[in-house]
Amino acid sequence: MHIHHLNTGTMCPIGRRLVNGTGSIFQRARMVCHCLLLETQDGLALVDTGIGLDDIANPMRLGRRWVRQTSPRLNPAEAAVHQVKALGYAASDVRHLLLTHLDRDHAGGMPDFPKAKVHVHRREYEMAVLGKPAAPKGRYVIEQWKHGPDWALYDGGGEDWFGFKAVRALGDREADILLIPLPGHTLGHCGVAVRGKDKWILHAGDAYFFHGQLRERVRMPLVLGYFQRRVDMDQAVRVANQERLRALQAAHGAEVEIINSHDPVHYENCRCGGH
Ligand SMILES: [Zn+2]
């Protein structure tokens, strides 16, 4: 399967050293919204959608505090739909959106692909869309799904994948695209595993934020760590899942490349390495 790596939204908060772990605290940091564009048997599929054109047209819907803290660049050329077109496809060629969760910087591009089927864990849908149980105030931007997408909902997984429970997201014809529950950041948060040319890629969404968190000696920049804790819905569960990812990397690093949504180091590695 061919996999494209797209950055569908750059965020530039202050204090680079305390966010990216490099450079000066006086520089702006760089965080990305790392999405995958997959060429499947059933058209194109996007893993996460980043920040969309409606968000860029009306940034205040993303929340005043969020915009102030993350300083998104809001460049329409970064929107997934424009990058899909730049690759020579039509927006309607994207048939499936596989969302790790429904936070604003992952679901924002949904309305740019209004006909696509949206695949998400049932618990994520229930809290974000139905409010059962109620989401923390201001957590989700419900305008991002007001067009009424065609949802496909998933419960806990079926098959074993390197010790994780996995479920085939696009049915039996696509054995190589798996949804893997990794809750904690949100209650229905999932990773998406995709079999590339020579290894699996596990897009772990926001299950961890920084490549140093999967190292043998865990490293995490101070402010990024603070931000991570503040947005955890179930911290103990997220930390336990991060530990499982760290063990997966240690045992199967040659077969599985683990990436996350916002770390620019993962993103640049993928862009250069190609899959
Ligand atoms: Zn995120």
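## Salt bridges

D172 is exposed, with a relative accessibility of 66%. In this predicted model, D172 pairs with R168 in a salt bridge whose closest N and O atoms lie 3.5 Å apart. R168 is partly exposed, its relative accessible area being 29%. Both residues belong to a network of salt bridges that also includes E159.

The count of salt bridges comes to 11. One of them joins R30 to E268, with 3.1 Å between the closest N and O atoms. This pair connects distant parts of the chain: R30 is in the loop between α1 (16–20) and β2 (34–40), E268 is in helix α9 (residues 264–273), and the two are 238 residues apart. R30 is partly exposed at 27% relative accessible area, and E268 is likewise classed as partly exposed, at 34%. A further salt bridge is formed by the side chains of R61 and D55, at 2.8 Å from N to O. Here R61 counts as buried, with 13% relative accessibility, and D55 counts as buried at 0%.

## Zinc site

Four residues coordinate the zinc ion: D105 through OD, H106 through NE2, D206 through OD and H262 through NE2, at 2.1 to 2.5 Å. Along the chain, these donors follow the spacing D-H-x99-D-x55-H. The site links distant parts of the chain, since D105 belongs to helix α5 (residues 104–107) and D206 to the loop between β11 (200–203) and α7 (222–231), 101 residues apart.

The arrangement around the zinc ion is irregular because the 4 donor atoms subtend angles of 78 to 167°. A tetrahedral assignment would require all angles to lie between 85 and 135 degrees. Two of the coordinating residues can be described by their accessibility: D105 is buried at 9% relative accessible area, and D206 is buried at 2%.

## Backbone features

K132 and P133 are joined by a cis peptide bond, with omega at about -10°. P133 is located in the loop between α6 (122–130) and β6 (150–154).

Positive phi values in residues other than glycine occur at D48, where phi is near 70°, and at L74, where phi is near 55°. D48 is in the loop between β3 (43–47) and α2 (53–57), and D48 counts as buried, with a relative accessibility of 1%. L74 is in the loop between α3 (64–70) and α4; L74 is partly exposed, with a relative accessible area of 23%.

Q83 is part of helix α4 (residues 80–86). With 16% relative accessibility, Q83 falls into the buried class, for which the value must be under 20%. When neighbours within four places in sequence are set aside, the contacts of Q83 are L6, N7, T8, A77 and E78.

## Nonpolar surface patch

L18, I25, F26, L222 and V223 make up a nonpolar surface patch of about 510 Å². Of these residues, V223 lies in helix α7. V223 counts as partly exposed, its relative accessibility being 32%.

Conventions. Residues are numbered from 1 along each chain as its sequence is written. This is a predicted model: local features need pLDDT of at least 70, side-chain atom pairs count only at pLDDT 80 or more; totals for chains, interfaces and linings use all residues. Side-chain values use heavy atoms; hydrogens and water are left out. Donors are N, O and S atoms within 2.8 Å of the metal (3.2 Å for Na, K and Ca); water is not among the atoms, so sites may look incomplete. Four donors count as tetrahedral if all angles lie between 85 and 135 degrees; four count as square planar and six as octahedral if opposite donors are over 155 degrees apart and all others between 65 and 115; anything else is irregular. Helices (H or I, at least four residues) and strands (E, at least two) are DSSP runs, numbered from the N terminus. Buried means under 20% relative accessible area, exposed over 50%, partly exposed in between (1.4 Å probe, protein chains only). Patches are made of residues with over 30% relative accessible area and no salt bridge: like charges are joined within 9 Å, nonpolar side chains (Val, Leu, Ile, Met, Phe, Trp, Tyr) within 5 Å. Accessible areas come from the Shrake-Rupley method with a 1.4 Å probe; for residues, only the protein chains shown count as cover. A salt bridge is a side-chain nitrogen of Lys or Arg within 4 Å of a carboxyl oxygen of Asp or Glu. Contact means heavy atoms within 4.5 Å.
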